[in-house]
Amino acid sequence: MSNIHIKKGHDLNFAGKPKKVFGKLGNPEILTVSPLDFPGIKPKILVKEGDEIKIGTPLFSDKLNSDLIFCSPGGGKVHKIHVGERRRIEYISIQLSSNEESESLPTYNENEIKNLKTDDIVKQLLKSGLWYLIRQRPFSKIANPSVKPKSIFVTANPTAPFSPDYQFILENDLSGFQEGLDILGKLTDGDVNLVIPKDTTLKALSMAGGANVHQFSGPHPAGNVGIHIHHIDPIRSVEESVWFVNLQDVQAIGNLFSSGEYPKYKYVTIGGSGVSDNHYLKTRRGMMISDILTHNKIDDDVRIISGDLLSGTKTTLSNSLGFYDDVLTIIPEGRKRHFLGWMTPGFSQYSLAGSFPSKLFGLKNYKTDTLMNGSKRAIIPFGQIESVLPMDILPTFLIKAILSRDFEEMDKLGIYECSPEDFALCTYADVSKMEISEIIQDGLDFMEAEG
C-alpha cells in the first residue's frame with residue numbers, strides 16, 4: 001500500500017456540508033434520461049412515446065457504435081421524448097408503473113465471476129447498458145470497449161465540496177463492491193488502482209482484493225481521479241488509455257453480475273447554504289430534482305447545481321441529477337456587488353490569496369454565493385493557479401497554448417493528462433476571472449478533432 005500526500009490545493013470550508021444521516025424521500029412518478037449526460041454520444045432513439053418498457057429496456061444507442069446502448073432505469077411507459085433545437089434529443093421521460101418489471105439478465109456466483117473471460121464481461125456490460133459507467137482518459141469520455149487500458153482507477157476519497165463520504169456509504173451498503181473490483185480486473189492487463197483516504201477504518205477498502213490500494217491525503221483536489229492518475233500511472237501520449245470508475249458504479253457493476261438486476265438506486269448528498277436540510281439520500285437513478293427535494297425546503301433565488309460546487313452544471317428543478325453526479329448543490333445567487341469591496345478590511349470575506357485578514361483567522365461555514373467579486377481581465381501570472389494544482393504541469397503556459405491553438409505546445413505541456421474538473425479549483429482561485437475549466441475542455445476538444 002502506497003501513501004501519497006498532496007501539498008498543493010485548498011479545502012473550501014463552506015456552509016452546508018451534508019450531515020451523515022439519511023433524509024426522507026418519496027416515490028417518484030417520472031424518471032428521465034438525458035443523452036446530454038454522456039459526452040461524445042450521438043443518440044439513436046430505440047423507443048417511441050407510449051411504449052411499454054421494463055427496467056433495463058434499451059432507450060437509445062450511439063450512432064457511432066451501435067453496441068453502446070443506454071437503458072431505462074425504471075419500468076412503465078415512455079412518457080415523452082423531448083427534442084430541442086436542431087432536433088437534439090434532450091431527454092426521455094419514463095412514467096413509472098406501480099408494478100415495475102426488469103429485463104432478465106444472467107447471474108453469477110463468486111467463483112463464476114472470478115472465472116469469467118474478458119469478452120463475456122464486455123458483452124454483458126454492453127448488453128445491459130452499463131458500459132457507460134466506465135470512462136477513459138484522455139478526454140473523459142465513455143471507454144472504448146475494443147481497447148484494453150493500461151490501468152483502471154477507482155476513487156474512494158472525493159474531496160470536492162459537499163462530496164459523499166464513501167466509507168459512510170459502504171458501511172451502510174457493501175453489496176457488489178468486491179465483485180465489481182474482480183470484474184474490472186478482467187478488463188485490463190495492468191493494475192486496478194483503488195484510492196482511499198489515509199484515515200479509513202473500513203477493512204472492505206483498506207484490504208480490498210484484486211486491487212492495488214493507495215492512500216491519498218491532503219487538500220482538494222487530492223480526491224480527483226486525474227490527480228491520482230498523474231501520480232500513479234500518468235498518461236504520456238494520446239495512444240495511452242486509462243479507465244476510471246466511480247465507487248458506486250463499481251458496486252452497480254458487481255450487483256449486475258451477482259444479482260442480474262439493473263441498478264436502480266444511487267446515494268447522493270444535498271449540500272449548500274441554499275437548502276434547509278443537508279444530508280444523504282438514496283435516490284432512484286434518473287430521479288427529477290424536484291422529487292429529490294420533496295421533503296426539503298430551498299430558499300428563494302438560489303442556483304441549483306448538478307454535481308459539486310466547483311465542477312457541477314447549472315440545472316433546474318424539472319431536470320434530473322446528472323447520471324455521473326452524486327452531489328446536488330444549492331447556493332444563493334449573488335446579486336449585489338460589494339461597494340469598494342477590495343478596500344474593506346475583509347474580516348468576513350473568503351480569501352485564498354491572503355489578501356484579506358480572514359486568511360489568518362480562517363472562516364468556518366462561510367455562506368458562499370455565485371458572485372464573481374470582480375470582472376474578467378487580462379491573464380495575470382501571480383502564481384495563484386499553480387499553488388492549487390498538484391500536477392507537474394505549467395497551467396498558465398498551457399492556457400496560453402490552448403488560446404493560441406498551438407497543437408504541438410499543448411501536447412508538450414501535457415494536455416492529455418488534463419480534465420476540466422482538475423482545474424476547477426484553479427478557476428475559483430484565479431484573480432483574472434478566467435473560466436479555466438472551459439478553456440481546458442476547449443483544448444481537449446480541439447486536440448481530439450485534430451486527431
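These legends describe close-up views of a predicted model.

Local features need pLDDT of at least 70, side-chain atom pairs count only at pLDDT 80 or more, and totals for chains, interfaces and linings use all residues. Residues are numbered from 1 along each chain as its sequence is written, and side-chain values use heavy atoms, with hydrogens and water left out.

**View 1. An open sheet of 4 strands runs in the order E2-E8-E7-E4.** Pairing is antiparallel. Strands (E, at least two residues) and helices (H or I, at least four) are DSSP runs, numbered from the N terminus. Two strands pair if DSSP finds at least two bridges between them. Strand E2 (30-33) and strand E4 (52-53) are the edge strands, each pairing on one side only. Strand E7 (residues 76-83) joins strand E8 (residues 89-96) over 7 antiparallel bridges. Across this pair, isoleucine 81 faces isoleucine 92 of E8.

**View 2. Strand E12 (residues 191-197) pairs in parallel with E11 and with E13.** Strand E11 (residues 151-155) meets E12 over 5 bridges. Serine 151 is opposite aspartate 191 of E12. E12 and E13 also share 5 bridges. Here isoleucine 196 is opposite glutamine 215 of E13. Buried means under 20% relative accessible area, exposed over 50%, and partly exposed in between (1.4 Å probe, protein chains only). In E12, 6 of the 7 residues are buried, so the strand is largely enclosed by the rest of the structure.

**View 3. Helix H7 (residues 247-259) has an asparagine cap and a glycine after it.** At 1.5 Å a residue, its 13 residues should span 18 Å, and the end C-alpha atoms are 18 Å apart, which agrees. The expected span is 1.5 Å times one less than the number of residues. Of the 13 residues, 10 are buried, so H7 is largely enclosed by the rest of the structure. Among them are Leu247, Val250, Ile253 and Phe257. At the N-terminal end, a side-chain oxygen of asparagine 246 lies 2.7 Å from the backbone nitrogen of glutamine 248. Glycine 260 follows H7, with a positive phi near 75°.

**View 4. The second largest pocket holds about 730 Å³ of space.** A pocket is an open set of points on a 1 Å grid over the protein atoms alone, where a 1.4 Å probe fits, with protein on both sides within 12 Å along at least five of seven lines; lining residues have an atom within 4 Å of a point. Volume is the space filled by probe spheres set on the points. Of the 28 lining residues, Pro158, Thr159, Ala160, Ser163 and Pro164 are the closest to the centre. Helix H3 (166-172) and strand E13 (212-217) each give two or more residues to the lining.

How values were computed. Polar contact = N/O pair within 3.5 Å; in protein donor to acceptor, adjacent residues only side chain to side chain.
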